[in-house]
Amino acid sequence: MDHQHTEHHHHDKAPKNYWFGASLVLAFLAIGGYFLWQYWPTLMINTIKWQREINGQLSDLIYDAKDHNGAIYSLAGLSFLYGVFHSLGPGHGKMIVTTYLATNPAKVKASLIMTVVSAFLQAFVAIALVSILLAFFNSSMREINSAADRFITLSFVAMLLLGVIVAYRALKQAWQLIKQQKHHHAHSHSHSHSHDCGCGHKHFANADEINQATSMREYLAIIASIGIRPCTGAVLVLLFANMVDMYWIGVVSAILMAIGTAITTSTIAIMTLSGKKLVTKYLSASDDHQPSFTPLAFKLLGGILLIVLGTILLNSQSYGMSPVL
């Protein structure tokens, strides 16, 4: 009797905690979205200004490296710092990583592999693109920049499609969960079940089973949507290095940028997962007897955000904003 009373009290208390926590999360997202909307133009202008300044320093060091070996070390250090600090600014890669990890179940190891591979893929795409266009087509700097812009557009389209896939799979899993619940309720009328009754019937899916769709295919889609966009800083140093006949310096610089970017994005990924763990723990209102829609709701929200962000970036690219993203 006491056990039933305690369980009943738990079920009464859990929804209150859930809705209170959910309201706090929504309020935080709304406030954050408002300030981002207000300060986005200023942020973009400052980012463009900062990137132009550091690009100028990179080009000067590349020219100096031809005559002074000491400038090579300075270029290496600045390239690494460029990767670190550039990845702290607004960018579609961080939007994809933070949005996906915050709203989808993901392991720390898989998340770190995803961010590191994405960072290096950006550098290798830049190296391959510039090298092929220079070696086989003798392309000009304008033509190479135009080709890089097309890759950037493709990465934004990939981001939008990733959002569609994530949202679709969340809705599909939610529908399957609803059918499971209906089957469970209909079946419970015929004979009584407990959680571990051993009757051979699967009463419901747990959180891990519900989110099994978070598979290697989604991780590969994320890596592709981020990595297919060549690093603009890497493209720049490769072009300047080619002009002074020291192309290898540009390749090394691009790889060092990738290392810096990988460190920063991995740190952001860990922070995102840690914050999500705290929020999920607080919002977890269901016990083992009740399948939860909370993970699927977050997953659907993440898919919608990726669709919205991809659409915004595609539209903003026409205004010349793509080079800093």
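Of the 325 residues of the chain, 41% count as buried, where buried means under 20% relative accessible area, exposed means over 50% and partly exposed lies in between, with a 1.4 Å probe and protein chains only. The model is a predicted one, in which local features need pLDDT of at least 70 and side-chain atom pairs count only at pLDDT 80 or more, while totals for chains, interfaces and linings use all residues. Residues are numbered from 1 along each chain as its sequence is written, and side-chain values use heavy atoms, with hydrogens and water left out.

The secondary structure comes to 10 helices and 0 strands, where helices (H or I, at least four residues) and strands (E, at least two) are DSSP runs numbered from the N terminus. Among the contacts with a separation of 6 or more, 85% are accounted for by residues 24 or more positions apart, a contact being heavy atoms within 4.5 Å.

The axes of helix 4 and helix 7 come within 8 Å and cross at roughly 35°, with axes taken as lines fitted to C-alpha atoms, for helices over the stretch in contact, and angles running from 0 to 180 degrees between N-to-C directions. This crossing of helix 4 and helix 7 is right-handed, meaning that the near helix is turned clockwise from the far one, whereas a left-handed crossing has it turned anticlockwise by less than a right angle. Helix 4 makes the contact through Ala-110, Met-114, Val-117, Ser-118, Leu-121, Gln-122 and Val-125, and helix 7 through Tyr-219, Ile-222, Ile-223, Ile-226 and Gly-227. An α-helix has 3.6 residues a turn, so residues three or four places apart point the same way. Helix 7 itself has 12 residues and reaches 16 Å from its first C-alpha to its last, close to the 16 Å expected, and its buried residues are Glu-218, Tyr-219, Ile-222, Ile-223, Ser-225, Ile-226 and Gly-227.

Helix 4 also meets helix 8: their axes come within 9 Å and cross at roughly 35°, and this crossing is right-handed. The contact is made by Ala-126, Ile-127, Val-130 and Leu-134 of helix 4 and by Ala-234, Val-235, Leu-238, Leu-239 and Asn-242 of helix 8.

Leaving aside its neighbours within four places in sequence, Ile-62 is in contact with Leu-75, Val-237, Phe-240, Ala-241 and Val-244.

The structure holds 3 aromatic pairs, defined by rings of Phe, Tyr and Trp (its six-membered ring) whose centres lie within 6.5 Å, with planes under 30 degrees apart counted as stacked, over 60 as edge-to-face and the rest as tilted. One of them joins Tyr-63 and Phe-240 edge-to-face, at 6.1 Å centre to centre and 65° between the planes. This pair links distant parts of the chain, with Tyr-63 in helix 1 (residues 2–65) and Phe-240 in helix 8 (residues 232–243), 177 residues apart. Tyr-63 counts as partly exposed because its relative accessibility is 36%, whereas Phe-240 is buried, with a relative accessible area of 16%. Another pair is that of Tyr-100 and Tyr-219, whose ring centres are 6.4 Å apart and whose planes stand at 70°, so the pair is edge-to-face. Tyr-100 lies in helix 3 (residues 92–103) and Tyr-219 in helix 7 (residues 216–227), so this pair ties together parts that are 119 residues apart in sequence; both Tyr-100 and Tyr-219 are buried.

Two loop residues complete the account. Asn-138, in the loop between helix 4 and helix 5, has a phi near 50°, a positive value in a residue other than glycine, and counts as exposed at 65% relative accessibility. Asp-245, in the loop between helix 8 and helix 9, has a positive phi near 60° and counts as exposed at 67% relative accessibility.

Key:
The expected span of a helix is 1.5 Å times one less than its number of residues.
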